Amino acid sequence: MTTPLAELLTPSDDGAFHCAACQWRCALRPGEIGHCHVRAATEEGITLLNFGLISGAAIGPVEDHRLWHFFPDTLMLSIGGWGYAFTTDQQRGPYATIPTDPAKQRRLDAERAANFALEKLCRGVVWAYGEPAVSHEYVLALLQLSRASSRVTALCTTGVLTPEALESFAPYLDAISFDLRGFSDASYARLGGIPDWRECLAIIAQAHARFHCHIEVSTRIHNGVNDSLDELRELAAWIVANLGDHTPWHVIPGDAGSETAASVVRAKRIGHESGLHYVYGAEVTQATRCPGCQATLITRTNGVARLIGLKDGLCEVCNHDAQIQLSIFKQRADRAERESKG
Ligand code: SF4
């Protein structure tokens, strides 16, 4: 198979190709490899070393991806690739490097993946492992094909996409599970390793405001790193101001220990005090309650979510619009209406 070339790039007069898939915007000359370790320049352009190579594929509940208000109680096909946009190995995690053993290099064509999701009656497809920005071309094909077969689509991302990458994904993208690692330069230096964490915020805010994607935010709390009162308050206030007070915030322990557990409790309290209606911890059995009257809207037991208090997206008791995505038709009609209003 011929290794395909990157689409989002600009050649420059000095012979370098400027990759515009993620915020590193690497300028690569022939023979050089990108910060992600999965894109390398040749005389012709930037080759995609990870194209079609998947790090995992599985069918499971959408809730597994910290998308609790996006078609609850449905199955998704989750797929991931290789490559991250972080700096250190610790930040990169398990899907950073393409396995050198050919026997461990699994290929899955994007069309086959989309067809598989349809055949298995999955509600949609989630790009779940590895940063989608560094797999831009494959992810774009997967989103387009999945949408063409009426599946819903979602990305799990650190937000390190460029505006160009987001713009290309957006017409085919329904939801984002945003991995927000903290709210300070110091936190991102330890946990993020990306060029400018505030650009990530701008991308997610744009996905919400301009492209009307459903957004859920997750933050892993690390004791002594990203758990100061001021940082957590600023983070929660940013979610409220930029994504809205109905945005779910998932607060998860980033490491073991009673101090981190106490920090998670404090973060949840701060989330509520900041005006967020839906703040969840790590426990998978948490129910969703109506912000208007506290009636139970969704229960989660034994890995199964059940809608028990919603009718057409409204609380059955008080008619509050819970802003939970339940219908593909309503979601896209709402989105079209908001887009027409600018
Ligand atoms: S995807 Fe990001 S890290 Fe990789 S080559 Fe492009 S700009 Fe660089």
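Two residues are in contact if their C-beta atoms, placed from the backbone, lie within 7 Å. The views below come from a predicted model.

**View 1. Helix 7 meets helix 8.**
From helix 7, the contact takes in Leu232, Arg233 and Ala236. Helix 8 answers with Ala267, Ile270 and Gly271. By class, the residues of this contact are four nonpolar, one polar and one charged. Helix 7 covers residues 229–243, and helix 8 covers residues 258–273. Their axes come within 9 Å and cross at roughly 45°. That angle makes helix 7 oblique to helix 8. The crossing of the pair is right-handed.

**View 2. Helix 6 crosses helix 7.**
Helix 6 spans residues 197–209. The axes of helix 6 and helix 7 come within 10 Å, with a crossing angle of roughly 35°. The residues of the contact of helix 6 with helix 7 divide into four nonpolar, two polar and no charged.

**View 3. Cys200 sits in helix 6.**
Is Cys200 buried or exposed? Cys200 is buried, because 23 other C-beta atoms lie within 10 Å. Setting aside neighbours within four places in sequence, Cys200 is in contact with Thr158, Gly159, Val160 and Ile194. Leu161 lies 39 residues from Cys200 along the chain. The C-alpha atoms of Cys200 and Leu161 are separated by 7.3 Å.

**View 4. Gly254 lies in the loop between strand 14 and helix 8.**
Strand 14 runs over 249–253. Gly254 has 19 C-beta neighbours inside 10 Å, so it counts as partly exposed. A residue needs 20 or more to be buried. Which residues does Gly254 touch, not counting those up to four places away in sequence? They are Arg220, Ile221, His222 and Thr260. Arg181 is 73 residues from Gly254 in sequence. In space, the two are 9.8 Å apart, C-alpha to C-alpha.

**View 5. Helix 2 packs against helix 3 with a right-handed crossing.**
Helix 2 is residues 110–119, and helix 3 is residues 136–148. The axes come within 9 Å and cross at roughly 35°. Helix 2 contributes Ala110, Glu111, Ala113, Ala114 and Ala117 to the contact. Helix 3 contributes Tyr138, Ala141, Leu142, Leu145 and Ser146. Sorted by class, the contact of helix 2 with helix 3 has eight nonpolar, one polar and one charged residues.

**View 6. Leu310 is buried in strand 19.**
Strand 19 is formed by residues 310–311. Leu310 has 20 other C-beta atoms within 10 Å, which means that it counts as buried. Leaving aside neighbours within four places in sequence, Leu310 is in contact with Leu297, Cys315, Glu316, Ala322, Ile324 and Leu326. Leu310 and Ala295 are 15 residues apart in sequence. Their C-alpha atoms are 9.8 Å apart in space.

**View 7. Helix 9 lies largely in the open.**
Helix 9 covers residues 328–340 and has 13 residues. How many of the 13 residues of helix 9 are buried? The number is zero, so helix 9 lies largely in the open. From its first C-alpha to its last, helix 9 reaches 18 Å. That is close to the 18 Å expected at 1.5 Å a residue.

Methods: Residues are numbered from 1 along each chain as its sequence is written. This is a predicted model: local features need pLDDT of at least 70, side-chain atom pairs count only at pLDDT 80 or more; totals for chains, interfaces and linings use all residues. Axes are lines fitted to C-alpha atoms, for helices over the stretch in contact, and angles run from 0 to 180 degrees between N-to-C directions. Helices (H or I, at least four residues) and strands (E, at least two) are DSSP runs, numbered from the N terminus. Angles under 35 degrees count as roughly parallel, over 145 as roughly antiparallel, 65 to 115 as roughly perpendicular and the rest as oblique. A crossing is left-handed if the near helix is turned anticlockwise from the far one by less than a right angle, and right-handed if clockwise. Ala, Val, Leu, Ile, Met, Phe, Trp, Tyr, Cys and Pro count as nonpolar, Asp, Glu, Lys and Arg as charged, and the others, Gly among them, as polar. A residue is buried if 20 or more other C-beta atoms lie within 10 Å of its own, exposed if 12 or fewer, and partly exposed in between; C-beta atoms are placed from the backbone. The expected span of a helix is 1.5 Å times one less than its number of residues.
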